[in-house]
Amino acid sequence: MTPGKDDFWFLPLGGCGEIGMNLNVYGHNGRWLIVDCGVTFQAEVDEFGDPLNSQNPPIQMADPQFLIDRRQQLDGLIITHAHEDHIGAVPYLWEYFRCPVYTTAFTAEMLRRKLVERGIADKVPVIVVEADAKRQIGVFHVEWLKLTHSIPEPYALLISTAAGKVFHTADWKLDKAPVVG
């Protein structure tokens with residue numbers, strides 16, 4: 001399963017249509033770009049407030065096997081913002097990916113602290129991008145676009161390839177008076 005030069009694929013490995021464990025992948029011309037790498041937390045109560053007796057682990061993340069099998073074709077990992085469902089799995093899964101991580105300064109600092117706890121901060125290449133940045137990441141041209149959310153520096157992405165463009169929003173909200181502009 002490899003995208004060709006005329007293909008632009010989106011593979012939601014986790015988090016699409018649910019809250020938590022975001023792990024999205026875009027494919028073009030034999031290459032892959034990961035967007036977000038988060039965890040989800042097992043609910044302790046159901047929608048009525050009754051206790052759940054689940055055997056699931058309290059923290060879960062998407063299955064990374066698809067990406068592990070294609071590690072040599074990974075161009076990068078972009079983190080859109082610093083919430084756990086977008087950043088929380090990076091310290092546990094990055095060693096399988098071993099690709100550069102692109103994110104903003106606030107999210108990079110949150111990630112750095114998690115990487116220090118795991119003892120891998122010196123191994124992970126974290127590339128800080130500025131607001132409204134435009135970067136070529138392998139075969140993907142990526143533009144960071146400001147959003148409003150409940151955490152500093154949330155960004156949407158405009159991902160362009162020779163085959164087309166995708167507007168990837170991650171999380172956002174409409175806010176008439178955003179705290180950070």
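## Exercises on sheet, hairpin and rings

The charged end of Arg70 lies over the ring of Phe66, 3.7 Å from the ring centre; a charge sits over a ring if NZ of Lys or CZ of Arg is within 6 Å of the ring centre and within 35 degrees of the ring normal. The model is predicted: local features need pLDDT of at least 70, side-chain atom pairs count only at pLDDT 80 or more, and totals for chains, interfaces and linings use all residues. Residues are numbered from 1 along each chain as its sequence is written, and side-chain values use heavy atoms, with hydrogens and water left out.

**Exercise 1.** Determine the order of the strands in the open sheet and identify its edge strands.

*Solution.* Step 1: strands (E, at least two residues) and helices (H or I, at least four) are DSSP runs, numbered from the N terminus. Two strands pair if DSSP finds at least two bridges between them.
Step 2: six strands follow the order β1-β2-β3-β6-β7-β8, with mixed pairing.
Step 3: β1 (9-14) and β8 (126-128) each pair on one side only and are the edge strands.
Step 4: β7 (residues 101-103) and β8 pair in the parallel sense over three bridges, and Thr103 stands opposite Val128 in β8.

**Exercise 2.** Describe the hairpin of β9 and β10.

*Solution.* Step 1: β9 (residues 134-137) and β10 (residues 140-146) pair in the antiparallel sense over four bridges.
Step 2: Ile137 stands opposite Phe140 in β10.
Step 3: two residues lie between the strands, and Gly138 takes a positive phi near 60 degrees.

**Exercise 3.** Classify the aromatic pair of Trp9 and Trp32, and state which strands hold the two residues.

*Solution.* Step 1: rings of Phe, Tyr and Trp (its six-membered ring) pair if their centres lie within 6.5 Å; planes under 30 degrees apart count as stacked, over 60 as edge-to-face and the rest as tilted.
Step 2: the structure holds four aromatic pairs. In the pair of Trp9 and Trp32, the distance is 6.0 Å centre to centre and the planes make 55 degrees, a tilted arrangement.
Step 3: Trp9 belongs to strand β1 and Trp32 to strand β3 (residues 31-35), so the pair ties together parts that are 23 residues apart in sequence.
Step 4: buried means under 20% relative accessible area, exposed over 50%, and partly exposed in between (1.4 Å probe, protein chains only). Trp9, at 26%, is therefore partly exposed, whereas Trp32, at 1%, is buried.
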